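Hello,

Here is the structure you will be working with. Please open it before reading on; my notes on what was found come below.

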Amino acid sequence: MQTEHAETLNNSAITLVESIVGLQSFEWLTALRRRMRPVLRAHADGDNDPLFRYLLTAFQYQGMTDANVSALLEQAPVPGTAEIAWALRSGSGCGLLTSHWHFEGCGYRKTEAICHYPHLLDGCAVPNMDLRNGRLCQGAISFFLFVRDVCDDDLLGWIDKRLSVSCPDLSDRQQAKEAMIRPLSHVFGVSDKVLSLALSDVLLADQRHVMRVRAGASLIVVDTLVHNFLVRTGILRQLGFEHSYGAGCYGERGCATAIDVLTDRLSERDPNAYDGQKTLFPRHVQKAIWSFCAQSGFDICNGNRIENTRRCDNEICPVFDLCERRPLRPFNARKNN
């Protein structure tokens, strides 16, 4: 539990977040579990391809709008495990493709059709991935090799082992996240944010495994909406966690830790609130904050509604009187939504 900084949050901040969490229903979790059911059933039966495709698809959602990514994926879905295995077997013999530990320094660029070993490019497995850029093509190969070589073709089983060794009771959420995310961050081109989002969905959906559900509940996805909310409300200031948006959001004194602290404080108000199943958990708190801010959600706390250089003056906001309404500009020079 993140208790070290919890007492620095005032009651107004806790009440503010409690009000926002109360607006977020659990329908998203019900829909997620319904959508993931066939993927998890196939994995339990020994077919890893649907899970691999699901995660690799999730990894494509970076660098452009979700709508544009979805449109491209409808035209050209991601390759599956059989396709990648075939491409590796019939490839050019590049030594980088030998294993996960060899795959480093590829440098493939799709637009220029070049890599760091251009004499081996003809027939190479990486260009055969047919994804929208060279970085994602490398990522597909890297992820396949990681699952094959590190996880022995059983990603969820590998996660179970990592958790059972490092944090069997999941009492330290930060340690549990480190056990899952740090090794996977060696997959080429995949950020902590993308990994957390994709893995959280998979693990939260697997109701037959309590440890997986609790692990997924601990994974937090921080985007500019969530970061800026924590700045505007004064929560980062109160915790002494002020930082610019970016890698610091996942650091020891970042946004993810702040949401852990908020979850603990909310749970103290209702000792029965956190069980990692369907009451209160960090991922739900984060999602409630995101929905409160996002245009596709409640569309209340974002750069379209608030001038970044001034205090918010939206008096119809349901938590207006509880919020510090701090301007973004002192902590983040860029105009973010």
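The count comes to 6 cavities of 30 Å³ or more. Keep in mind that this is a predicted model.

Why use a probe at all? A probe the size of a water molecule, rolled over the atoms, shows where empty space is left.

Start with the largest cavity. Its space is about 110 Å³. The lining of this cavity is made up of 14 residues. Nearest its centre are Cys301, Ile306, Cys312, Cys317 and Cys323. By class, the lining has 10 nonpolar, 2 polar and 2 charged residues.

Now the second largest cavity. It holds about 80 Å³ of space. Here 13 residues form the lining, and Cys94, Cys106, Cys115, Cys124 and Val126 are the closest to the centre. This lining has 12 nonpolar residues, 1 polar residue and no charged ones.

Next, the nonpolar cores. Which residues have the most contacts inside the largest one? They are Leu55, Phe59, Leu97, Val126, Ile141, Phe143 and Ile159, in a core of 69 residues. Helix α6, residues 134-150, gives the largest share of this core, with 9 residues. A second core is separate and has 43 residues, including Ile14, Phe241, Cys249 and Ile259.

Ile159 touches Met180, Leu199 and Leu203, leaving aside residues up to four places away in sequence.

Best wishes

Conventions
Residues are numbered from 1 along each chain as its sequence is written. This is a predicted model: local features need pLDDT of at least 70, side-chain atom pairs count only at pLDDT 80 or more; totals for chains, interfaces and linings use all residues. Side-chain values use heavy atoms; hydrogens and water are left out. A nonpolar core is a set of buried Ala, Val, Leu, Ile, Met, Phe, Trp, Tyr and Cys residues joined through side-chain atoms within 4.5 Å. Buried means under 20% relative accessible area, exposed over 50%, partly exposed in between (1.4 Å probe, protein chains only). Helices (H or I, at least four residues) and strands (E, at least two) are DSSP runs, numbered from the N terminus. Contact means heavy atoms within 4.5 Å. On a 1 Å grid over the protein atoms alone, a cavity is a set of points where a 1.4 Å probe fits but cannot get out, and a pocket is an open set with protein on both sides within 12 Å along at least five of seven lines; lining residues have an atom within 4 Å of a point. Grid points are joined across faces, edges and corners, and a volume is the space filled by probe spheres set on the points. Ala, Val, Leu, Ile, Met, Phe, Trp, Tyr, Cys and Pro count as nonpolar, Asp, Glu, Lys and Arg as charged, and the others, Gly among them, as polar.
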